[in-house]
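Please open the model in your viewer and keep the selection tool at hand.

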Amino acid sequence: MSKILYISSEAFPLIKTGGLADVAGSLPIALSEQGEAVRLLLPAYPQVMQQVENSQQLAKGNYYGFEVTLLETHLPNSEVPAWLVNCPAAFDRPGGPYVDNDGQPWHDNALRFALFCQIAVDIALDKLNLGWQPDIVHCNDWQSGLVPALLQPFKERPATLFTIHNLAYQGLFSHQTFSDLGLSTDLWHPDRLEFYGQLSFIKGGLVYADRINAVSPTYAKEILRPEFGNGVDGLLQHRQKRLSGILNGIDQTIWNPATDPHLAANYSACKLAPKCKNKTALQKQLGLPVDAKIPLLGMISRMVEQKGLDIILDAMAEIVKLPMQLVILGSGERHYEMQLVKWANNHPDKLNVVIGYNETLSHQIEAASDLFLMPSAFEPCGLNQLYSLRYGTLPIVSNVGGLADTIVDANDLNRQNKMANGFIVTEQSAHALLTTLRHALALYQEPAAWEKLQLTAMKGDFSWKRSAEHYIKLYQLALADRDQTVA
Ligand code: ADP
């Protein structure tokens, strides 16, 4: 059994902006079910504090001139302790974890997450006298990137693992910010935290962690290439022996069509028929023509370039002519939101766009849809295609990252071999997307063939147990590497 400090800037259901929250809300539980002693470290945002009924103060200190208390609670529905970094000056404010209500990054993000990292380091070195020192510190994305760099000088430090959930977000700040944070001047070097004249939080993880992993095997290879490497592909090549990929799992209790309380009708692989009641219920709810037979395509996404919105918009004039309906839920960059809403206003019988974040509706769309649209330009792992598989909703995806690792195209050979579970768009273009869509719509007209694809999709095993086992092996490798480094 190892003691693991799992550091994340979000964790479902306490606070969520994307896939990282789903992972941080599930993996610690799966690890503790395997016998590991895990503590989750999370900022005490107001959304988190509202859900916490009882918390105990474990320690207090002063960081960057702010009073900080460390509170203990539990990850809901589990025994996993969640340690909350309670610093009202940094975290108690309206808006999201990273951006304000207008979608602008908080001006003091560097300070907020440097403070978060500093307290993590003090826990890791048992400087807060908690009587609990982790063997492993597991960092996730740039918000915890400084931790491996700050721990590096200490002989008695735990081993460090840095997980890349999305390399496109690196936590880049000015040289002035680097100075203001009081980081050791040694760290200002292109081989360390400097990135072309800027401070890079993520480099703290990429340069210094004993082990690095990405959230799918294919993404772990893609980021070694300039097209996907976001300027750090050279560094990752240098650290290639320490880099691997572990596919995310999904929470099969929350995402279970047989028991999902958000659905109009529950269903399973053994009893698929009620699935279409979800379609008609959603059509009614959103004001689309109610027709159980028309194929329904769903999409739930952050509205950012990564998610393939440009090719969807390029293809939209043709999409609205196809014999199907499209429902999109998401929020993000205003220009995407506005263009999609305009298409929906002009084609209310074909397209419905809901701008916003809505957990209930996301479950309803997964259950109601026949097909799920996810033509991402890059995708570190992707969770929605996994939820779709579980809901018998066939994903239409691009051939990248975790999408390539989880979706098997419904071509003749894969169908004969009973492997097919979705549709792959062969290149990032409107033309390729439309070709794949037409193929999917043609197959939809063959109910027996379609049902076979659905059953293959629903049988896939994407449980966290499997991923947790891989992480436990990786922790052992990180410990061995740490021993070599500090020896
Ligand atoms: P990413 O982390 O890049 O946003 P993922 O597919 O890994 O993409 O995870 C996204 C998660 O966020 C999924 O659980 C998805 O259902 C959820 N999600 C994204 N946008 C919305 C939204 N507008 N409403 C509800 N859930 C959303």
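Which residues form a negative surface patch? In this predicted model, select Glu305, Asp310, Asp314 and Glu333, which together make up the patch.

**Glu333**

Glu333 sits in the loop between strand β14 (325-332) and helix α13 (334-346). Its relative accessible area is 34%. Glu333 is therefore classed as partly exposed, since that class covers values between the 20% and 50% limits.

**The cis peptide bond**

Next, select Phe12 and Pro13 and display the backbone. The peptide bond joining Phe12 and Pro13 is cis, with omega at about 5°. Pro13 belongs to the loop that lies between β1 (3-7) and α1 (19-33).

**Two residues with positive phi**

Move on to Asn77, found in the loop between β4 (66-74) and β5 (81-86). Its phi is near 60°, a positive value in a residue other than glycine. Is Asn77 buried or exposed? With a relative accessibility of 82%, Asn77 counts as exposed, because the threshold for that class is over 50%.

Then select Asp126, in the loop between α4 (109-124) and β6 (136-140). Asp126 is not a glycine either, and its phi is positive, near 55°. Its relative accessibility is 23%, so Asp126 counts as partly exposed.

**Ala44 and a distance to display**

Select Ala44, in the loop between β2 (37-43) and α2 (46-51). Ala44 has a relative accessibility of 3% and therefore counts as buried, as the limit for buried residues is under 20%. How far apart are Ala44 and Asp180 in sequence and in space? They are separated by 136 residues in sequence and by 24 Å in space, C-alpha to C-alpha.

**Helix α18**

Which residues of α18 are buried? Colour Ala430, Ala432, Leu433, Leu434 and Thr436, then Leu437, Ala440, Leu441, Leu443 and Tyr444: these are the buried residues of the helix.

Conventions. Residues are numbered from 1 along each chain as its sequence is written. This is a predicted model: local features need pLDDT of at least 70, side-chain atom pairs count only at pLDDT 80 or more; totals for chains, interfaces and linings use all residues. Side-chain values use heavy atoms; hydrogens and water are left out. Patches are made of residues with over 30% relative accessible area and no salt bridge: like charges are joined within 9 Å, nonpolar side chains (Val, Leu, Ile, Met, Phe, Trp, Tyr) within 5 Å. Accessible areas come from the Shrake-Rupley method with a 1.4 Å probe; for residues, only the protein chains shown count as cover. A salt bridge is a side-chain nitrogen of Lys or Arg within 4 Å of a carboxyl oxygen of Asp or Glu. Lys and Arg count as positive and Asp and Glu as negative; His and the chain ends are not counted. The place of a charge is taken as NZ of Lys, CZ of Arg, CG of Asp or CD of Glu. Helices (H or I, at least four residues) and strands (E, at least two) are DSSP runs, numbered from the N terminus. Buried means under 20% relative accessible area, exposed over 50%, partly exposed in between (1.4 Å probe, protein chains only).
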